[in-house]
Amino acid sequence: MKPAAFTYHRAHDVADAVALLTDLAAAGEDPKVIAGGQSLMPMMNFRLARPSALVDLGPLRRLPAMTAIRSDGDHLTLGALVTHHAVEKATLPEGFAVLSRAMRWVGHLPIRSRGTVAGSLVHGDATAEWCLLALLLDAVVVAEGPSGRREIPADELFHGFYATAVDLDEVVVEVRFTRPAPHAALCEFARRHGDFAVVDAAVALDLEGTAATGGRIVLGGVAPAPVRVPEAEAVLAAGGAAGDALWGAVADAAAAAVDPPDDATTTAAYRRRLTRTLVADACREASGGLR
Amino acid sequence: MTATELPGDGHATEPRAEGPRFDGHRGRWVGASIPRHEDPRLLTGRGRFVDDITLSGMLHAGFVRATVAHAQITGIDLTATRAVEGVVAAYDASDLALGDIVALLDRPAEEFTPTAMPILAKDKIRFVGEPLAIVVARDPYAVEDGIEAAVVEHTALDAIVDEETALRASTTVHDEAPDNVLLDVSMFDTPGVDEAFADADVTVEVTTRSGRQNALPLETRGVVVSWDARDDQLLVQTCTQVPHQVRTLVARCLDVPERTVRVTVPDMGGGFGQKCVVGREEVAVAAVAQRLHRPVKWIEDRREALTAGFLAREQTYRTRAAFDADGHITALDVDVVCDMGAYSCYPFTAGIEPLMASAEMPSVYRVPAYRVRGRALTSNKAPTAPYRGVSRPQYVVAIERVMERAARELGLDPVEVRRRNVITEFPYTGVNAVTYDPGTYRESLDLAEATIRDEGWYELRESTDRHIGIGFCCFSERTGYGSEAFAKRKMTVVPGFDLSEIRMDTTGAVVVTSGTMNHGQSHETTFAQIVADRLGIDTARVKLRQGDTERIAYGWGTFASRSVTIGGSAVALASQRLGELLCRIAAHLLETRPDNVALDGDGGVVQLDDPDRRLTYEDIADVAYLRSHLLPKDVEPALTATASFDVPGDGTFSNATHAVVVEADPGTGAIRILRYACVEDCGVVIHPKVVEGQCRGGIAQGIAGALFEEITYDAHGEPSAASFIDYLVPTATEIPDVSIAHLETPCAFTENGAKGAGEGGTIGAPAAVLNAVNDALRHTGVELDATPIHPRVVLDALEGGL
Amino acid sequence: MNDPHLLSLTVNGTEQEVVVEPRRTLADVLRHDLRLTGTHVGCEHGVCGACTVLLDDAPVRACLVFAVQAEGAEVRTVESLDAEGRLSDLQQAFSDHHGLQCGFCTPGFLMLAEGVLDEQPDASREEIREALSANLCRCTGYQTIVDAVHATACSRRQEIPS
């Protein structure tokens, strides 16, 4: 399990990285960006991924913006090289505290110490916590390419099966979360602690006192990409007393709406059943324990 | 017998060989949890594992492996491989022309079909991952580049992937076995089986299945082979549990005198049975090192270990049992089918699993009438090797499920049903013609139940709407299989004895050898405790040497919980003989009668009638080596002694009861273990922490089999788990704390009163967990009889089907 | 293509220069180029944790880092823990609690534990258990490893383990 050969290129700043990607591609290479490498390297060790060139963003860690966690009123901006663990340790504004709390689900400490937020989003795993959180909190991915910077909203980011809207010649610069959610939670189920989730659910509730007035439901593991569930959100939008009856109705609506895959890992029916459990659990947790 | 604080105060009452010996076998050291001799090097990163070995000019090897399960090979082209930068050589089977690995049983053709395992596949591919060619390069990265460049052409055949496709036999894995059956034995069929079923008040039928697992030593297999021109020897450094078996087989496959092969074993990162058979890769690497006259290393990677390493466990038991109205079992009728994969392993053969199960199925119960059919099927899956427990985890599941089912049918408590059937008088010769030495079957069951009851788990179970279940498993485990017991299997290679040599140097320190092979079991510590007590010296003065075929004439290695029973007995006997020699020389030097001296327990020999007259071992060694003219005329120079030991008869049985409390999560079906208690009896405990470590580690592997780990194959024979993403080895959050209570029934016929302790945990856990899960599901009407238990299945049961 | 790179890094306080292929993992460079074989390799895909080392003080999988990415970094391996033949408190606790059998996973667990204890000095036994679930052990059943790390945590904060 040794990776195939590649050429290695250290980027010194974002423009350098973009230029390297462009030039390597023009030279017929198949370059790829590496930051923390925690998703890419296992695939390279299995030779399931075999880029002919790697552009390492590691040296960009010395640029403060790349590792900064900045709170700006209703926005939270994470530099592209912020690690999962940095988010886990950070004291975030209430509207984004769910990000810190959710980090315990991301692999284990050694993975979280090295893996980056942007890397996880660009990898686009359908169960990745960051992908769910991006949809939950309206993340905007800022990417720089040969023709400059552009902003990709989360709902345009995921194309399914590890494909994202970030182009091969683009480098993510930062990720901006634009929708604070003080009542939010992420719950997931894996057969073994720290594994990729079978199903995971992220919930943000709009609460007025003990009444729910709306919210957002995001699921992973039920489709090729993380998805919002409008049918379940509609139940929340219809409003009602926060508590198990409402959470159950939301969960039932989510479970009925999804069309999860039957695969070698488990069945569609089981995923649907987990959806119901996890959505209800996440609602309860997001509400601060209202039953 | 009750649970005792360790070390206990009793020991084997069997009279020992007469002789001047320090305080028998229960002195200062045996029974104490002393610091492990292995620890300092392993904790500081200064151990030496196979992959830590680097030799000058060393090359690296890897294997071109089959990507389909079943096919005729029509061509292997290594031209492009040989052209890859860094590749030095590449060979297929025709290039190397090596002898096959053939494991045999001395059984008639209708019972056993011999098959050959070629070192590299010749004409046919029999499983995904089978080695087809070996590539040698300057580093492991280039090796993989070379492997990628190989071109293999083949004509695919239908894959045999389960019992149904095997027995349908539309195609055959081996031409020699047209029915895909390698072993088919019908045993015992004692009088009265059919009558007992006809007369039964209750008949229960249970079909139990266990998934295919990987023993999964964290260190994968590996080998470094070099040619030593001065010794005229191939030096094979490999992580094996059976170094002499590797030597024998390398010599046979390479067709060289066995003298020209030396096998040494460095530190080994676990084995659990997977490394107690000889692999093809080791032999292939030896062949290329011999051919190239350069050191060659092969380290199995994890993908290979999961798909092409030896697997284990996939078995089905169709068990029928007859009971009377009082819950006594009156007959047992079993059909055992083991899916052994593509090849018969050396030296045990594909018969190992069904023969073990057939011989021992009645377990700890008085079964008056018994009939069994045991079959080993061959399939297009990676071959299997013995794995910690060998069929016992599975037949214990079968018989323990029978007890639970009978209890339900009879309206009795399942512990009570066991209590009414368990063997209580020893020695007990069963319907299976096996004689069980004394143990604490009933006592362990009572104590385990009392533990759970006293802690209030039954009350909690009854008073809550949570899905809580309590399960038990009572079992024994034959340890210390001697040659007599193995011979009953009719293997043509019969393990059993072990040898030991002990040498004392001029400083009074000793080096002792054993044919057993430590790979985590702490032999360097426990054997030193045995020797230290026999000679009355500090354990720090005892060094154990294992794993070098030049130092030990022959040895059977470490498997089947044999090390402390057999190897430990051999080192004890050798130590005792050395003590006798020390006394003889001392008596001569003290000018007194030999029966007037004794070891003094403090590194010396004392004159009994004048305790002021004493010689230290250094004094005696000084004479034995440096002033040998002072020795008695009939004593040769040097302080050495040798011994062999073999367990007579049917071996010695350790036993245990496991009690488990689980909770099923109604939202996910996940099983959480709330409490795990183990009551075990392995005779005299040499080192309590080591025994507890063996129990806990074994239980963790048993839980892994019960709840997590499985390699399945699709209809094309493609394995499901090629990485740790898919093969679910449990972590610290899945494995609970385990309490361990010791009972102690010393073995009468091992030198130290010890029985084996290596496998019990793994044997008991699957049945205990499965029973507990079924208890948690008791209101659902669903009973589960297969492992691993997927949470989906539990959730289905809780919800009455989705 | 694939030209060797000159790599400078500090390992256990010693500056090292190595010429490496870009694809060579940090685990392989530590073990085979620098001959620090205490760091073990168990899966090469970041799950088993046998290769865990501290990279700039954070525990990481050395199989999931290309050595070239560690340019200028400080690496600590198991070989750094003992001093003049004396085991560290954590190593001693592993021995006292029988937290190792075959010893293959042990260096990874030791370095993981050092990272965890540094990060969460106040960790409870259950928090330690969850953190240690990052690595696989096949011998012990984990209980005694958790005990050893918990005992070390308690003694470092001068508590008696409860």
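Predicted model: local features only at pLDDT ≥ 70, side-chain atom pairs only at ≥ 80, totals over all residues.
How many salt bridges does the rule find across the interface of domain 1 of chain A and domain 2 of chain A? The count is zero.

**Domain layout of chain A**
- Chain A is split into domain 1 (7-56), domain 2 (67-177) and domain 3 (184-286).
- Between domain 1 of chain A and domain 2 of chain A, the C-alpha centres are 19 Å apart.

**Where domain 1 meets domain 2 in chain A**
- On the domain 1 side, twelve residues are in contact with 15 residues of domain 2.
- Together the two domains bury about 1100 Å², and carbon and sulfur atoms give 71% of that area.
- Of the area that domain 1 buries against domain 2, 41% is supplied by A:V14, A:V18 and A:Q38, more than any other three residues.
- Residue pairs in polar contact between the two domains, with both residues at pLDDT 80 or more, also number zero.
- Helix α1 (residues 14-26) of chain A gives the largest share of the domain 1 side, with six residues.
- That side has eight nonpolar, four polar and no charged residues.

**A closer look at B:D335**
- B:D335 counts as buried because its relative accessibility is 18%, under the 20% cut-off.
- Beyond its neighbours within four places in sequence, B:D335 is in contact with B:T316, B:Y317, B:R318, B:R373 and B:R375.
- With B:R375, the contact includes a side chain to side chain polar contact at 2.9 Å.
- B:S186 is 149 residues away from B:D335 along the chain, yet their C-alpha atoms are separated by 9.1 Å.

How values were computed: Residues numbered from 1 in each chain as written. Chains lettered and ligands numbered in written order. Heavy atoms only, no water. Domains from an automatic or database assignment. Contact = heavy atoms within 4.5 Å. Buried area = accessible area lost by both parts, 1.4 Å probe. Salt bridge = Lys/Arg side-chain N within 4 Å of Asp/Glu carboxyl O. Polar contact = N/O pair within 3.5 Å; in protein donor to acceptor, adjacent residues only side chain to side chain. Helix = DSSP H or I, 4+ residues; strand = E, 2+ residues; numbered from the N terminus. Nonpolar A, V, L, I, M, F, W, Y, C, P; charged D, E, K, R; others polar. Buried < 20%, exposed > 50% of the residue type's maximum accessible area, 1.4 Å probe, protein only.
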